[in-house]
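Please keep the sequence and the model at hand while reading.

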Amino acid sequence: MKRQIIILLGCLLAIIPLTQANENIPTIYVDRQGVMRWSDTKTEASFFGVNYTLPFAHAYRAMGYLGMDRKAAIDRDVYHLARLGINAYRIHIWDVEISDAEGNLQENEHLDLLDYLFSKLEERGLRILVTLQTNFGNGYPERNEPTGGYSYLYDKCSIHQDPEAIAAQERYAAALVCHVNAYTGRSYKDDPYIVGFEINNEPCHAGTLEETQTYIERMLHALKRAGNRKPVFYNVSHNGQVVQAYFNTDIQGTTYQWYPTGLVSGRTRTGNCLPAVERYDIPFSDVKGFSAKARLVYEFDPGDVLGSYMYPATVRTFRSAGFQWITQFAYDPIDMAAYNTEYQTHYLNAAYTPGKAIGLMIAAEVAKSVKRGEQFPAYPADTIFHDFRVSYNEDLSELNDGEKFYYSNHTRTLPKDIKQLKAIAGCGNSAIIRYEGTGLYWLDQLEEGIWRLEVMPDVAQISDPFAKPSLDKKAMQIVRRSWDMTVNLPDLGRQFSVTGLNDGNRRHDTASEGMIPSLTPGVYLLQRQGMTPSQPWTADSPWRNIVLGEYVEPASALAPEDGFIVRHEPFRSVDAGQDMPLTAFIAGAIQPDSVLVYTDRVSFWNDKNPYLRMQYTGGYTWQATIPATDLAQGVYRYNLVVYAGGRKQTFPSGTPREPLDWDYTDYTYYQTAVQAPDAPLLLLDATSFASSAETFVLPEWSRVEVQPAPRTLTEKPTTRLTYVPKAEGETFFLRRYVKDDLRGRAARLDQCRTLCLHLGAMPQTLQAGVVTATGYTYLADCPVPDADGVVRIPLSALKQTDTALLPLAYPSFLDPYFHPETPFPLRAADIETLELRISRQAPGTESLLELGEVWLE
């Protein structure tokens, strides 16, 4: 009781020093129709931003492992958040790190860092949503560390029912909203930049509707008693059995999440994911009170997707569903983003995922442009909306509204009105900027004839960022190189001065014919020749929510002694009698002198060793063509050897020797199968099944057993799958991404007319087909196998059907299928994924599938 009195007195004292400045900052309220509005203009609000968790858990610890100053790290990241044009930030606070067993608030470094972060976000004008507690441990991806916090004393599904646990939460929540931020001088409940409070992160309500409602009402009362006048929100995308309880309470908003491509696949997901974000239908939208609550997205992300085309489409769908607050999960701190250890399944940072960062920047504009509840035509027509365009085939998000021209990858689109442009942000080449670097850039008009150019360093992928992470294994590597940049802007003209603005950048020269030679990463003032500015523009000049000379890049970059990064995907197979093109991405701190292709037939002892010299074609790209005369049927094995500055490095292993050295012992190769032109296109066999096929059951209730089938020494290996559905309406899926297997034999693919499967036992309801680059699925029932156990299905017999959205999305209440409305004929050239389905099986009935090879002929 004494502790509660102290907390209440503290809250009363926190109310007294409200300043005039606070009163002049507009805040958010929720009207009776469940709409978030600004207090000054009464207009609708729209927020878009990110989660970011450096003050807590693994991110906090990783900063320590890496020897980083945590506050300086926050400064770096908040600058980039400001540059990405977002206006919102959300965090679920790890209560275990700032509370004791009774729920008393602990003043410690975690809370101090949170205060500091809030103050820096507010300086940039971002609004904040605070989720008061997580009720789980602080370990992931490590083990939990004991802290003495109350959430460690209770199970996640009992913490909202146990009386002592609820009392601890009441005590903690009241103290937290009354806590005075040492950097702003304001309590959280009185901070105009804090939009409101979410009671907890993804609660588990195992009790009754009445118990759930009582818990929420107690928490609401605790916050009100502490003096909170801000909106309070609650998560409603979990615990569907008690959903009416949420809407029976006085919460003013409801929170949802969306992971449309599942979570933690352990690898980069492939294929067109746009159908997965076409709709966000809430099945309980008809419950009493639904329309009186604001709708917020506390977390979303297309998990395990590295492409840059998804964010704008996802946000468009959220706006159509009526959401006003949308925050991605989660932005990676720049000082640890190279490793992607914080959340293996998510990856976003301006320096390390530049295309995705520009996609996020475009999504921020979608949140502003698309009206709440605005509807669009069905996919694929909705890939172009307002001034936006998204493309899976081009891996591209694009904004082109006349004044802004943003693009996440190379684009051939022409700006609507080049003379009216005021802001460009992009990666790669466009009609405005020609640039061979891989980092992103911003080009913003300060006034007529004066522009600010900011260029980030290059980045090269080393490994799959969605595989198991470690601070000893980089997924991405920064490469700091200089490249020519050509700017085509009438407002700048063909001659303009270039002046470095960031610390240490002393460049001052003139661009001729729009070309800035040997441009290094940094910030520059570009001024049209003969232009007299209306004011002095210097490194210290404020502009919007930044200062012109501000610049942040990763602390370390690839050094010459680190060698080279080579990305090269050999063809799985090619046709004999045809030349084979090779393309390699070769990045280093210096330019290679040469790159040679050696086959496995070279030797230190040979008098002559044939080789092929690759040609440099720009940026980090090198190309060569293996002549058809060198490609005998069988397996073609080869190495790429990079030479620079007297050093040599052989790939794929990266060993610092070449195959002609006497002590070369690394016999790893790139390899390609060279096949007869009329050979079938193999889509699946026992080996590829084990390495890259995936199995799913919708709605994920049943297990599938997979094992090699017994065989004799002369028989080809097959795979035996046993599937027993537990409930009505289940469907089993087998999928394998085959685009990489087909890309070397495009001519043969165009000639293919039949899908073939070698089967032993098979269920009567087995269907087979493909998923294409459009995200459309085409299936047919499997007929009875012939005498050789082969099923042949003409491609013309495959019919367009619903696409299963796999892996299953979160929240699980979403429709797991995309239902196409626009018919598209199947083209063999569009095939990306093999799919088998087993459905309409009675619960408890075993389905046995013995599967050998699958091919096209």
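The sections below go from the whole chain to individual contacts.

## Basis of the values

The model is predicted, and for this reason local features need pLDDT of at least 70 and side-chain atom pairs count only at pLDDT 80 or more, while totals for chains, interfaces and linings use all residues. Residues are numbered from 1 along each chain as its sequence is written, and side-chain values use heavy atoms, with hydrogens and water left out.

## Overall dimensions

The protein chain contains 13 helices and 51 strands, where helices (H or I, at least four residues) and strands (E, at least two) are DSSP runs numbered from the N terminus. Its radius of gyration is 29 Å, close to the 29 Å that the globule rule gives for 857 residues, so the chain is as compact as a globular protein of that length; the radius is taken over C-alpha atoms, and the rule is 2.2 Å times the number of residues to the power 0.38.

Along the principal axes, the C-alpha atoms of the protein chain fill a box of roughly 90 × 80 × 50 Å. Of the 857 residues, 59% are buried, a class that means under 20% relative accessible area, with exposed meaning over 50% and partly exposed lying in between (1.4 Å probe, protein chains only).

## Salt bridges

The structure holds 49 salt bridges, each defined as a side-chain nitrogen of Lys or Arg within 4 Å of a carboxyl oxygen of Asp or Glu. One of them joins the side chains of Arg83 and Asp444, with an N to O distance of 3.1 Å. This pair links distant parts of the chain, since Arg83 belongs to helix 4 (residues 70–83) and Asp444 to strand 17 (residues 441–447), 361 residues apart. Arg83 counts as buried at 6% relative accessibility, and Asp444 counts as buried at 6% as well. Arg83 and Asp444 also take part, together with Arg452 and Glu454, in a network of salt bridges.

In helix 5 (residues 109–123), Glu123 and Lys120 are three residues apart, about one turn of the helix, and they form a salt bridge whose closest N and O atoms are 3.6 Å apart; Glu123 counts as exposed, at 57% relative accessibility. In helix 10 (residues 354–369), Glu365 and Lys368 are likewise separated by about one helical turn, because they are three residues apart, and their closest N and O atoms are 3.4 Å apart in a salt bridge. Here Glu365 is buried, with a relative accessible area of 12%, whereas Lys368 is exposed, with 55%.

Helix 10 also holds Met361, which is buried with a relative accessible area of 7%. The C-alpha atoms of Met361 and Leu84 are 5.0 Å apart in space, although the two residues are 277 apart in sequence.

## Cysteines

A disulfide is a covalent bond between the sulfur atoms of two cysteines. When it is identified as a pair of cysteine sulfur atoms within 2.5 Å, the count comes to one disulfide, which joins Cys157 to Cys204 with an S to S distance of 1.9 Å. The bond links distant parts of the chain, 47 residues apart: Cys157 is in the loop between strand 5 (127–131) and helix 6 (163–178), and Cys204 is in the loop between strand 6 (194–198) and helix 7 (209–225). The torsion about the S-S bond of Cys157 and Cys204 is about 90°, so the disulfide is right-handed. Cys157 counts as partly exposed at 28% relative accessibility, and Cys204 as buried at 16%.

Why is Cys427 too far for a bond with Cys273? The sulfur of Cys427 is 19 Å from the closest cysteine sulfur, that of Cys273, and Cys427 counts as buried at 6% relative accessibility. Cys756 is in no disulfide either, the nearest cysteine sulfur being that of Cys752, 8.8 Å away; Cys756 is buried, with a relative accessible area of 0%.

The structure holds one cavity of 30 Å³ or more, and the largest cavity has a volume of about 40 Å³. On a 1 Å grid over the protein atoms alone, a cavity is a set of points where a 1.4 Å probe fits but cannot get out, and lining residues have an atom within 4 Å of a point; points are joined across faces, edges and corners, and the volume is the space filled by probe spheres set on them.

The largest cavity is lined by Pro302, Val305, Gly307, Ser308, Met310, Tyr311 and Lys356. By class, this lining has four nonpolar, two polar and one charged residues, where Ala, Val, Leu, Ile, Met, Phe, Trp, Tyr, Cys and Pro count as nonpolar, Asp, Glu, Lys and Arg as charged, and the others, Gly among them, as polar.

Terms used. 1 Å grid on protein atoms, 1.4 Å probe; cavity = no way out; pocket = protein on both sides within 12 Å on 5 of 7 lines; lining within 4 Å.
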